[in-house]
Amino acid sequence: MTTKQHPLRPLTRRPVLAGLASLAALSGVRLAHAADSGPEQLARGIAEITKGATVLPGRVKLELPELAENGNSVSMTIVVESPQSAADHVRTIHVISEKNPIADVVKFHIGPRAGRARVQSSIRLADTQRVVALAEMSDGRFWSGEASVIVALAACIDAG
Amino acid sequence: MATTRIVVPATAKKGQIIEIKTLVQHPMITGHGRDNVGKPIPRDIINAFVVTYGGEKVFRADLFPGVAANPFFAFSTIATVTGEIVFTWTDDQGVETVEKRQLTVI
């Protein structure tokens, strides 16, 4: 009655199915992760800020190095073409990343008292990716600029 | 209180746009990491940086873990009146670092 399994016996249905199931589970995890990072993360990050308002490309110059040797500290300059007057000024500049664990990187709240819309900082980049700067204007419109950075040594998001 | 470095002119002409540069010492722990026994390291970052000039807010930054350690900012403001520029950094523990600089408008 009981069939004794030979060690070199061909694969039977049950272990194959179990194997397939675990593979599927694994790939499911991968897919879920992929959905959290990349162009979707960027699009979602932008949508959360604009709340459906249209984003016009231009006026924003996001300066980042094309190649960053170390993603732990990448210097960034953002310049927005704006008279920065009481009637027409940049209210907030949002920086959104495509592949960092969190889409939001930093937000600068400026106003007419800034005199000009130019800010600088240093950011972390977890991977080679696109970064978008959104300028929220006093009239509620959004202008955007972006940059792509090749990151040689990624910011160590696993340690610290 | 963390160590800071601030570059701001001591004097400026009325209406002149002045550039301000600031740096604060802080590890900016992202909260994504784990220590050597696998325990998650809690997030500890500076989450807000506010600058007031003559009592009025002129610059604010909301920081996320994507800001590099020892956060650096450069920004500008128009010299209006002789007064105090106050810089306040707040971290996740609620620790505030406050620095003040006097700007004389001529």
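How many residues of chain B are in contact with how many residues of chain A? In this predicted model, 25 residues of chain B are in contact with 28 residues of chain A, two residues being in contact if their C-beta atoms, placed from the backbone, lie within 7 Å. Strand 5 (56–63) and strand 6 (72–78) of chain B are the elements that give two or more residues to the side of chain B that touches chain A, where strands, like helices, are DSSP runs numbered from the N terminus (helices H or I, at least four residues; strands E, at least two). Strand 6 of chain B supplies the largest share of that side, seven residues. By class, the side of chain B that touches chain A has 17 nonpolar, six polar and two charged residues, with Ala, Val, Leu, Ile, Met, Phe, Trp, Tyr, Cys and Pro counted as nonpolar, Asp, Glu, Lys and Arg as charged, and the others, Gly among them, as polar.

Residues are numbered from 1 along each chain as its sequence is written, while chains are lettered from A and ligands numbered from 1 in the order in which they are written. Because the model is predicted, local features need pLDDT of at least 70 and side-chain atom pairs count only at pLDDT 80 or more, whereas totals for chains, interfaces and linings use all residues.

Six strands form an open sheet in the order 2(A)-4(A)-7(A)-6(B)-3(B)-1(B), with antiparallel pairing; two strands pair if DSSP finds at least two bridges between them. Strand 2 (60–63) of chain A and strand 1 (4–7) of chain B stand at the edges, each with a single partner strand, so one side of each is left without a neighbour in the sheet. Strand 2 of chain A is joined to strand 4 (residues 74–80) of chain A by four bridges, and E63(A) has T77(A) as its bridge partner in strand 4. Between the chains, strand 7 (residues 117–123) of chain A and strand 6 of chain B run antiparallel and are joined by two bridges, with A74(B) as the bridge partner of Q120(A).

Within chain B, strand 4 (residues 46–53) pairs with strand 7 (residues 83–91) in the antiparallel sense over seven bridges, and six bridges join strand 4 to strand 5, again antiparallel. Strand 4 and strand 5 of chain B form a hairpin with two residues between them, and G54(B) in the turn has a positive phi of about 60 degrees.

The largest nonpolar core has 56 residues, of which V106(A), I123(A), A133(A) and A135(A) touch the most other members; such a core is a set of buried Ala, Val, Leu, Ile, Met, Phe, Trp, Tyr and Cys residues joined through C-beta atoms within 7 Å. Beyond four places in sequence, the residues that I123(A) touches include V74(A), M76(A) and V106(A), as well as G66(B), V67(B) and A68(B) of chain B.

S97(A), in strand 5 (residues 90–97) of chain A, is buried, with 27 other C-beta atoms within 10 Å (20 or more count as buried, 12 or fewer as exposed, and those in between as partly exposed, with C-beta atoms placed from the backbone). Leaving aside neighbours within four places in sequence, the contacts of S97(A) include A103(A), L125(A) and G66(B).

Chain A averages a pLDDT, the predictor's confidence in each residue from 0 to 100, of 84, and 74% of the residues score at least 70. Over residues 26–34 of chain A, pLDDT stays under 50, and the model has zero contacts there beyond four places in sequence.
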